[in-house]
Amino acid sequence: MRPQSYGPFPYSPIISRPRLEWPNGAHVAVWIIPNIEYFSLEERPGGYGPGKVPDVVMWSERDYGNRVGVFRIMETLDRYGMRGTVALNSNLCAEHPQIIEEGNKRKWEWMGHNESNTRRLNEAAPGEEVNIIRRTLDTIGKASGQRPTGWLSSGLQQTWETLDHLAAEGVVYQADWCNDDQPYVMNLDQGRSIIAMPYTQQLNDKSAIERRFVSADGFGQMICDQFDVLYEDGLKTGRVMSICLHPFLTGHPHRSKYFAKALAHITARQEVWLATGSEIVDWYKKNYLKR
């Protein structure tokens, strides 16, 4: 991809597009994205800790997510018949294989999410980005039994070459560009393309809780409010709702309580499609791009 005024896609106001229809008349396609991440104790994980290695305060908080929180989220999603589309740091495959096993039992989907959450693609040495992407996809594929077709970059950080590297490695969709309520096509070099899937920095527990200090019940209400508006918008044309979670945040008991209430609110409606990222993309490509 080369820098342009709108990058690899033209400006497309949603009011000018053909009507988008989801399976069985659903107004909204809902996908849940748990960010299951690996932080080395020898690297600074970020956050409000002292910043010196070992950063016990921040590292321990994140480790809670992988030891406890993620399994609480799994049980909550099970209760409401929902599956996760996981943004997965591939280093976790070797460190916490039990998480992969439990996700596979539930037929969760795995997206690439770099190797570790402490290392961004735009910080990689020259020529190393493509190797990081390839290793991430290969490692997750070997550990889970299915090489990912989706991608979310750590920190949503890309370079001008990221999309081309992803497409060349067989990635069908990516979620870094948080600028739409529907999937859309990004046209790349050498005739390749990749689908941009709606993701959000707003309905994201990390930005809501850590940056805007939203309360546990406040984040649950945000989910309900977001759903209600998108559900009504979906009467005109189908929408995608993403719910972005981190087990070290939403996996805590006092937050998971309100997360469960929000899922009960969503699943009380009939015209809702509970899907994974690839299911949404496959439907969109098959039924919408041909129009």
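## The enclosed cavity

The residues around the largest cavity fall into four nonpolar, three polar and two charged; here Ala, Val, Leu, Ile, Met, Phe, Trp, Tyr, Cys and Pro count as nonpolar, Asp, Glu, Lys and Arg as charged, and the others, Gly among them, as polar. Before going further, please note that this is a predicted model, in which local features need pLDDT of at least 70 and side-chain atom pairs count only at pLDDT 80 or more, while totals for chains, interfaces and linings use all residues. Residues are numbered from 1 along each chain as its sequence is written, and side-chain values use heavy atoms, with hydrogens and water left out.

The structure has one cavity of 30 Å³ or more (a set of points on a 1 Å grid over the protein atoms alone, where a 1.4 Å probe fits but cannot get out; lining residues have an atom within 4 Å of a point). The largest cavity has a volume of about 40 Å³, taken as the space filled by probe spheres set on grid points that are joined across faces, edges and corners. Its lining consists of N35, I36, E37, F39, R62, G65, N66, P247 and F248.

Three elements, β1 (28-36), α1 (56-79) and α8 (247-250), each supply at least two residues of this lining. These labels are DSSP runs numbered from the N terminus (helices: H or I, at least four residues; strands: E, at least two). Helix α1 gives the most to the lining, with three residues. One of the lining residues, R62, has its charged end over the ring of another, F39, at 5.3 Å from the ring centre (the rule asks for NZ of Lys or CZ of Arg within 6 Å of the ring centre and within 35 degrees of the ring normal).

## Two open pockets

The largest pocket has a volume of about 470 Å³, where a pocket is an open set of points with protein on both sides within 12 Å along at least five of seven lines. Its lining has 24 residues, and R120, G155, K206, R211 and H246 lie nearest its centre. Helix α6 (residues 205-211) provides the largest share, four residues. Sorted by class, the lining has six nonpolar, 12 polar and six charged residues.

The second largest pocket has a volume of about 330 Å³. It is lined by 15 residues, with P10, S12, R17, D180 and Y184 nearest its centre. Strand β6 (residues 184-187) gives the most to this lining, with three residues. The classes here are nine nonpolar, four polar and two charged. Y184 also belongs to a cluster in which ring pairs link it with F9 and W177.

## Aromatic pairs

A pair of aromatic rings is described by the distance of the centres and the angle of the planes. The count comes to seven aromatic pairs in this model (Phe, Tyr and six-membered Trp rings with centres within 6.5 Å; planes under 30 degrees apart are stacked, over 60 edge-to-face and the rest tilted). The rings of F227 and Y231 have centres 5.5 Å apart and planes at 40°, so this pair is tilted. F227 and Y231 are four residues apart in helix α7 (residues 216-233), which separates them by about one helical turn. Both are buried (under 20% relative accessible area with a 1.4 Å probe and protein chains only; exposed is over 50%, partly exposed in between).

W273 and W283 also pair, edge-to-face, at 6.2 Å centre to centre and 65° between the planes. W273 lies in strand β9 (residues 272-274) and W283 in helix α10 (residues 277-287), so the pair ties together parts that are 10 residues apart in sequence. W273 is buried, at 17% relative accessibility, whereas W283 is partly exposed, at 28%.

Y231 has a charged neighbour as well: the charged end of R269 sits over its ring, 4.3 Å from the centre.

## Cysteines

How many disulfides does the structure hold? There are zero, a disulfide being a pair of cysteine sulfur atoms within 2.5 Å. The sulfur of C178 has its closest cysteine sulfur in C244, 7.2 Å away and therefore too far for a bond. C178 is partly exposed, at 28% relative accessibility, and C93 is buried, at 8%.

V56 is in helix α1 and is partly exposed, at 49% relative accessibility. V56 and I195 are 139 residues apart in sequence, and their C-alpha atoms are 39 Å apart in space.
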